[in-house]
Amino acid sequence: MTTCDPITLEIIKGTLRAAQLEMEALLERTAMSPVIREKKDFFAGYFDAQGQLITGTNLPLFGHIIQPILDQYPSQTMQSGDIYWYNDCYASNGGVSHSPDQVFAAPVFVRGQLVGFAQSWAHFHDIGGAWPGSMSPTATDIFQEGIIIPPVRLYQEGELNEDVFRIFLGNTRFPEQMQGDVRALTAAVRLGERRFVEMFERFGLDTVLDGFRGLNRQTRDGVVRQLRATFKPGSYAFADAVDGDGLGNGPLTIRMRLDVTADRIAIDATATDDQAPGPVNFLMNPAVPRMVFGIYAMATDPTLLINEGAMHAVDEVKLRPGSLLQPRFPAPLNQRGLTMIRTQNVCAGLLNVASGGQAVAASNAYSIHFFRGTNPDGMPFHMSDGVGVGHGARPYADGHDAVYYVAQENNPAEFVDIEFPMRLLGYGIHRDSGGPGRWRGGCGTVRTIQWMGEDAVMAARYDGVANPPWGVNGGRSARPGRACINPGTKHEREVKSLEDGAPVKRGDIIRFETGGGGGWGHPFDRESARVLDDVLGDYVSIEAARADYGVVIDEKGPRVDEAATAKLRRDHRPPAKLFHRRKYVDEMV
Amino acid sequence: MSEESAVAIDIGGTFTDIVLFDRRRGRIHNAKVPTTPADPSAGFMAGIDAALGAGGLPASSIRQVLHGTTVATNLILESKGVAAALLTTAGFKHVLEIGRHDIPRKANMYSWVKPKRPVPPQRVFEIAGRLDPAGNEIEKLDEAAVRDAARRIRALGVNAVAICFLHSYADARHERRACELVLAEHPQALVSISSEVLPVFREYERSMVTILNVYVMPAVSSYVAKLEERLQARNVAAPLLMMKSSGGVTGAATIRREPVQTALSGPAAGVVGAMFVGEASGHGNLISIDIGGTSADICLIRAGDPGVTVEGRVGDWPMPLPMIDINTIGAGGGSIAALAPSGGLTVGPRSAGAIPGPVAYGRGGTEPTVTDAHLALGHLTPYLLNGSMKLDRPAAVAAIEQKIGRPLGLDTMAAARGILSVVDNNMVGAIRVVSVERGHDPRDFALVPFGGAGPLHGGALARLLGIRTIIVPPAPGVLSALGLLVAQLKSDYSRTCLQRPLDYDLMRIGRVFAEMEEEAVQWLVREGVPPEGRVLLRQASLRYIHQGFELAVPWPDGGVTRDALDRCMAAFHRRHEQLYTFAQEDTPVEIVNLRLTAIGRLERPTLPRIAAGRGLDGARIGEQRVESASGVAPWPIYDRDRLGADTDLRGPAIVQQLDATTLVLPGQRGHVDDHGILIVTEEN
């Protein structure tokens, strides 16, 4: 059998990356849903013939997404030119974790042999269900969240299955957009298919297949080495909680234990709370925590490819059916992002427990607000606007300020004003929301909107009010977000986290503040010049500079009063413990 | 008849290249002088003098001085621009800080650090006043706030001021008024308004480009002034024309006002030069690749037309001004080969640069580079620049063996070939981005490799891509200077003019084109272009309804009619299919931006003819052992300067000249045409 030499291995790696980028670029440029084209909620990748990941994404959100297709359509029944489509969360065991994400996959054949899959998924604007946009924090089962598509063959040997396609178009409120998005995804996986075939033709079947093994090995060795260095044998525990489920239940705690022996790393999440009646359930594919640790371990070596090898970061993942991380059908899932980010934070917590606080602090969950209603012509409208939050600080840098999540972009004010019946009045940093620390947690944002359209209802999705993102190693927790209609007037009305149905009418002002990320290291150790910079840039108030950082700012200048600062820092330095959420604690379990 | 000439000057890191065109005799003269980093204008003028001397022409003969500069590029890449301030719409103080609220798609979220903006929020001033997307005033401009901000900016000692208000692409009145008020309070201020720099929607990108414009303005301005002083001192009255990112040149006055136009101009001149050489050899479909020490710049030219994009980036920042669609990657002769912790071989983007340079240069470099691999394999002779520089082959071989070969378990020559394979593959990937990914088959194009290292890689790259013709310019190292010499005057205009299906407002489209045309003609008059030399090209950028990206297609000449619109849309469907594999003729199309390109034709030189040589043997200066995958063999070495017109040679061969080395691989043949262009083709 031909083997892949180390040079060819690198060339195959580069070719895979380029092909993946090309698929994503095509999708981004041609899709029609604003969620795809402006917010960029999509990713492309490759899988091998058994459904193992060959090249994936920096987003630890997805599991083994080809397997459900293979379960329905054994590989010997697949043919060149087929394209498979699904969004069925439960049938894929969380391969897709909420229904708006559509998976498209094209099997790739080389000389009659199935060699892998070109795959792409994207978030569609509307797939029916109880509300325009198919999402609501008030959902009580998955059927309200839109049409469920089991793995189906949308194309058979290159021929569109018109019957199936008509059913889908009949199940969206915006068929024109769905048609455009389907075309875009189809073109993307077709392109991916072509590039895959070209690669096999260039290097030869056996060489490429051996190359895939080599690349997996390379990543596996990299992450295993890194994690072994982080985790000494022992047992580590951490817990964090989602505030609530939107229906009045909560907090909902995710508990993980990490058991490390000389040759094995296992995660046990069975002590996590029961599933929620509301839609914050996160049907977590076991690949997700593996990927979180994998991506974390890969941060030091950008040359590694994200593939099946990264899954070897963790040897075993134990989940409990009926829990928040493994809900039973047909529990609602559409706000699972909140729980996913908490899960990521719990993984970070484990890293911190094991390393004595040398890992990243907790991040906030990306926030969204939705507006829905009916146009004068009787047609429904729906718009969603993602808003950046603060991310956790690191042992070497501040947390990201005003970032949503990987690769997703905001709606520019000039886009909002043109496209939506609203006017963006302001968009700034949410001062003092970042957790104080030697390295400051990222700050959230404040987005202020004036509603200009017909009567509508709004929903706000944010988290971390009752349980703000924690700080570590002396770093402190973040401050939370808030949503409010007509703030500061006698009509002021707060829109609670995960509330839906708040009425808005023309002229109303909506102020949406998002929360920050946790800090890292003792805030009294932050250089005073950096604190001054934060004050000047409106990231930190003068009051907070004093109270949180022990830095006295003289308003004239403004400049640092070094003598007063030194005294304050010397005499009033609060003693710290490993974690902080509103107060310092030794552990979070 | 009086003497007439045009001179082009390209300032590189080490050398300043000058190309002088003697219009009366139709001759081109090259000169090379050391770059003078402390004051580049010294080398600039010394170079002009050297070229005049070589051509026997007086300074008074010069009718045009053409120049490209990387002053703006370097200031932006190195964050070394001037302290600047921004006036923004009230509520948007953090427009730069927030940006598009994303982490780049390929970044690892745990290790990514948000880059520091060129203007910190404490120098961003919020001004009340608001327009709607159609340009109607919703709220009056707060003039007192503008005055107050101007006074505070002055008190800070800041002179560079950018103004970008929401929806100013639709109407410039608030920005213009604010500009007047700032100047009234702060007469020393250099002010740029976004509606002049880039009147198209998306406030973060427009704010950033306006900021970058003032950020580099003082340095570019004083640089231009110095050049003009030097020229004046030598009694050169000719206008100084500067290269822009779009591949055209414009007068120094325009560059002083909009220096950001030069931010990506570095590689543009080379593309123009490649087109010129391609044309001289009868090829209009070209892929140019300029390989220097640290990077490779790649461009696809179709029927003599390099694509223009408005989605470029410079460093961490978006640069939505029209620029030649050049794909730059960190791969060049100085790119370092290294092993990642995982054991994977990487080549670039880290570069040994000019200092310490490759191991073989003996200036302290210890990490093997692409140049070291070429030397180890025998592609380069141990002497460069006509023997003035000696290369240390044993040191290069030892570094490759120690750092790459042994850890990977490969013999040293296989490791050296591996380094080249990886870097070639990176370049092939970058070429695919501009060809295959844009719906073009590279096999329909000829490759033009240039820059110091281009002709070393041309043969291998062409084979990997299935390209059968390689055009090696007469002087590959100075093609950028030649490109400057043959560039046309060019200026681009664009306006956001959103038109939704069913009620396209042809009157408004006509009005917007007319406004831009008026502006363009004023510019052409200012640049002294006679009416017969003026060309105006209209374009519209369209998209399917609900899409987020536009494609620019030509708008037919003549009246703005329904028929013209239909033809424009038909062109859009075809372009969409070509780029993205499908068209959607059943889907409504919307117009987003209207654009206009004004071109002023300058008198261009033609590439001079060279004499017939004394045959191949007369050019042969030796041979060298080359290690290829199939074994070791002696390859003949030819002196490019002695290869006369109509000479044929067969690979394998090494063709040496002062500023580049060309590899002709086994199975390839070379032909020197009567312009001295070396055309390499596959035998089979």
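1. A:Thr15 is buried, because 22 other C-beta atoms lie within 10 Å of its own; a residue is called buried if 20 or more other C-beta atoms lie within 10 Å of its own, exposed if 12 or fewer, and partly exposed in between, with C-beta atoms placed from the backbone. A:Thr15 belongs to helix α1 of chain A, where helices (H or I, at least four residues) and strands (E, at least two) are DSSP runs, numbered from the N terminus. From A:Thr15 to A:Phe329 there are 314 residues in sequence and 40 Å in space, C-alpha to C-alpha. The model is a predicted one, in which local features need pLDDT of at least 70 and side-chain atom pairs count only at pLDDT 80 or more, while totals for chains, interfaces and linings use all residues. Residues are numbered from 1 along each chain as its sequence is written, and chains are lettered from A and ligands numbered from 1 in the order in which they are written.

2. The contact between the chains takes 61 residues from chain A and 57 residues from chain B, two residues being in contact if their C-beta atoms, placed from the backbone, lie within 7 Å. On the side of chain A that touches chain B, the elements that each supply at least two residues include α5 (175-203), α6 (205-230) and β14 (422-429) of chain A, and α1(A) gives the most, with ten residues. The residues of this side of chain A divide into 29 nonpolar, 17 polar and 15 charged; here Ala, Val, Leu, Ile, Met, Phe, Trp, Tyr, Cys and Pro count as nonpolar, Asp, Glu, Lys and Arg as charged, and the others, Gly among them, as polar.

3. Which residues of α15(B) are buried? They are B:Ile509, B:Val512, B:Phe513, B:Met516, B:Ala520 and B:Leu524, and they line one face of the helix, because they fall within an arc of 115 degrees when seen down the axis of α15(B); the arc is that of the directions from the helix axis to the C-beta atoms. An α-helix has 3.6 residues a turn, so residues three or four places apart point the same way. The buried residues of α15(B) pack against β27 (489-499), β28 (534-544) and β30 (589-600) of chain B, whereas the face turned away from the buried side carries the exposed residues B:Met507, B:Ala514, B:Glu518 and B:Gln522.

4. After α15(B) comes B:Gly528, with a positive phi near 75 degrees.

5. Helix α1 (residues 40-55) and helix α7 (residues 203-233) of chain B pack at an angle of about 35 degrees, with their axes 9 Å apart; axes are lines fitted to C-alpha atoms, for helices over the stretch in contact, and angles run from 0 to 180 degrees between N-to-C directions. At this contact, B:Ser41, B:Phe44 and B:Met45 in α1(B) meet B:Lys226, B:Leu227 and B:Arg230 in α7(B), and the residues involved divide into three nonpolar, one polar and two charged.

6. Some backbone values deserve a careful look. Most residues other than glycine have a negative phi, and most peptide bonds are trans. A:Phe329 and A:Pro330 are joined by a cis peptide bond with omega about 0 degrees, and A:Pro330 is found in the loop between β11 (316-318) and α8 (336-355) of chain A. In chain B, the peptide bond from B:Gly651 to B:Pro652 is cis, with omega near 5 degrees.

7. Are A:Glu157 and B:His101 buried or exposed? A:Glu157, whose phi is positive and near 45 degrees, counts as exposed because it has 10 C-beta neighbours inside 10 Å. B:His101, whose phi is positive and near 50 degrees, counts as buried because it has 25 C-beta neighbours inside 10 Å.

8. B:Gly459, in helix α13 (residues 454-465) of chain B, counts as buried, with 26 C-beta neighbours inside 10 Å. The C-alpha atoms of B:Gly459 and B:Thr662 are separated by 8.5 Å, although the two residues are 203 residues apart along the chain. Not counting residues up to four places away in sequence, B:Gly459 touches several residues, among them B:Ile470, B:Leu663 and B:Val680.
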